[in-house]
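Dear colleague,

Here is the structure I said I would pass on. My notes on it follow below.

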Amino acid sequence: MGLTDLPGELLELILCCDVLGAADIGRVSCTCRRLREACQPHGKVWRERFRLRWPSLLKYYSQTDGVSWLEEYKARHSAGLEAQRIVASFSKRFFSEHVPCDGFSDIETLGCPSHFFEDELMCILNMEGRKGLTWKYYAKKILYFLRQQNILKNLKEYLQRPTDRQSFLEGAVLIDQYCNPLSDICLKSVEAQVDDITDKVRKVLRTKNPRHPSLASKAGEVLIPEVELQRQVLDAMNCVLYEQLKYKGNELDYYNSLNSYIHQVLIRRTGIPISLSVLYLTIARQLGVKLEPVNFPSHFLLRWCQGKEGSADIFDYTYIDAFGKGKQLTVKECEYLIGHHVTEEFYGVVTSKEVLQRMVGNLLNLGKRESTDQSYQLLRDSLDLYLAMYPDNVQHLMLQARLYFHLGIWPEKVLDILQHIQALDPSQHGAVGYLVQHTLEHIERRKEEVGPEVKHRSDEKHKEVCFSIGLIMKHKRYGYNCVIYGWDPACMMGHEWIRNMNVHSLPHGPHQPFYNVLVEDGSCRYAAQENLEYNSEPREIPHPDIGRYFSEFTGIHYLPNTELEIRYPEDLELTRTTVQKIYGSGKE
């Protein structure tokens, strides 16, 4: 009996077997009419082939869609090849820049669905083992950019809606998503967690008042008019949030960006006044109690009307401190909270856009405080968000231009920003002119660059350099673990840096080899040769830029990627020789 003699269902079952590949199905379908019909493009066989290869993509299809699975398979396969080509090209195009910012035009004009391209990037990121580090590094950069672009579109659409359709929770999620584009954060998941808390509040409320109207109504459908019934809801909320679930304001680590991300607030059950207020307000509204956000200085609050709805009298409201376990405050107590008197305007209600502005403003301030992140990613992300809401804010446009100028990236974008600032505010001419001049000089210098500096160990001036790139080292004084990604025959930093780092106190001072190292804490440092020693127990260095310089971790040392090997052409062999000498040939 041959394949064509089998019943249709059994034949289909065989062709859906996971040991067969797409090429096998293609060859089978060319043999005869019966098998061609069994492998029809819209049928189960190609759908199963698609599912086995890319299971996460099925969520984009409906059961009722008349999909040509063969065409979808071809399109996804082509998108994968294109993604691999672009990722491979990024190493050469962006190695000289710390953070790739421009050059995404070929990604923005892809001829395939974006989710196909993203899926291939995720496949690269999820590759097992210690290989493909450079591919993973640039796949992550590209995926970061793509997702942020989509989130930015969603944010702009959100801001264009009528105010009554702008959920405070959704706005907080959009900010969270933009700053954490590689995390799995979705509005539905966050809403489900909030709904779970709301159900817990209902259970507590039921024990206090089985006939409470919020138990009968659906989420947020009916507002409860009686103040006493509203009070019962708030008491039940305080019981669940602060007594049962142990939510609290993070006083010990207040200036941690995690306090501003709503999905982290739900996981860690800690936050700052504004993030806890968004959660508190959302739950209250689902239970029929209308609370309103108050942009109080230094401490975000909510207000609860005790008088006529919409009253302009600030004394008709009780003010709720979600950071302070839902404590209810009078006007005077609000002033005691921050230690000074404020005018009535600060007790007024604010819009969802103004709430987002304050959340982004908090992240901006945190971004300015972060000194270890050399890419200033949080500052850049929060500036993007602020300018998406207020594109003509001269102060923040100037900050963005100065930031890009400081990082030495995207000079063409800097000129565009400066031109926009000049049009908005001619009084900025002095600052704009200074930056324009130096940016143009940077562009000219970049045109004159002939290529990377190549360092040969055979040069006489490099004879004192003992260590090579890729070696796992330990700092003698500070004890940190690191990997070498560059070296100089002597200290190449300026006199001020040498003085500030007290380099002259070293026995050989600045007149000894210095090494660029990636440190396990995520920082990049410049270490003197006499302060470094071989690490007796080498291990992976969890640095975000490791893939920028290295393609693989062998278990003992790192292998440089092509671009780094071009700069240090004689280091790889020395690294292998050194490793075999220290750890034995069996380890290599």
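Which residue just after α15 takes a positive phi? It is Gly339, with a phi of about 85°. Please keep in mind throughout that this is a predicted model.

Overall picture

The chain has 588 residues, of which 48% count as buried. It contains 24 helices and 13 strands. Along the principal axes, the C-alpha atoms fill a box of roughly 85 × 85 × 50 Å. The accessible surface comes to about 30000 Å², and carbon and sulfur atoms contribute 50% of that. Taking the contacts in the chain with a separation of 6 or more, 60% are between residues 24 or more positions apart.

Helix α15 runs over residues 331-338, and its residues Val331, Cys334, Glu335 and Ile338 are buried. Those four cover an arc of only 95° around the axis, which puts them on the same side of α15.

What do the buried residues of α15 pack against? Their partners are three strands, β4 (301-305), β5 (317-321) and β6 (327-329).

These strands belong to an open sheet of four, in the order β3-β4-β5-β6, with antiparallel pairing. At its edges are β3 (291-294) and β6, each of which pairs on one side only. Ignoring direction, neighbouring strands in this sheet are turned by 35° against each other on average. Helix α12 (residues 227-244) also packs on the sheet, where it touches β3, β4, β5 and β6. The direction of α12 makes about 150° with that of β4.

Within the sheet, β5 and β6 pair in the antiparallel sense over three bridges. Tyr319 stands opposite Leu329 in β6.

The annotated span

The UniProt record, an unreviewed entry, carries the annotation "domain: Hemimethylated DNA-binding" for residues 464-561. In the model, the end C-alpha atoms of residues 464-561 lie 25 Å apart. The span is 10% helix and 34% strand.

Strand β7 (residues 472-475) pairs with strand β8 (residues 481-488) in the antiparallel sense, over three bridges. Lys474 has Asn481 in β8 as its bridge partner.

The β12-β13 hairpin

How many residues lie between β12 and β13 in their hairpin? There are four, and Gly555 in the turn has a positive phi of about 110°. Strand β12 covers residues 550-553 and strand β13 residues 558-560; they pair in the antiparallel sense over three bridges. Phe553 stands opposite Tyr558 in β13.

Regards

Conventions
Residues are numbered from 1 along each chain as its sequence is written. This is a predicted model: local features need pLDDT of at least 70, side-chain atom pairs count only at pLDDT 80 or more; totals for chains, interfaces and linings use all residues. Side-chain values use heavy atoms; hydrogens and water are left out. Buried means under 20% relative accessible area, exposed over 50%, partly exposed in between (1.4 Å probe, protein chains only). Helices (H or I, at least four residues) and strands (E, at least two) are DSSP runs, numbered from the N terminus. The arc is that of the directions from the helix axis to the C-beta atoms. Contact means heavy atoms within 4.5 Å. UniProt positions are given in the numbering used here, feature names are shortened, and annotations may be inferred rather than shown by experiment. Two strands pair if DSSP finds at least two bridges between them. Axes are lines fitted to C-alpha atoms, for helices over the stretch in contact, and angles run from 0 to 180 degrees between N-to-C directions. Accessible areas come from the Shrake-Rupley method with a 1.4 Å probe; for residues, only the protein chains shown count as cover.
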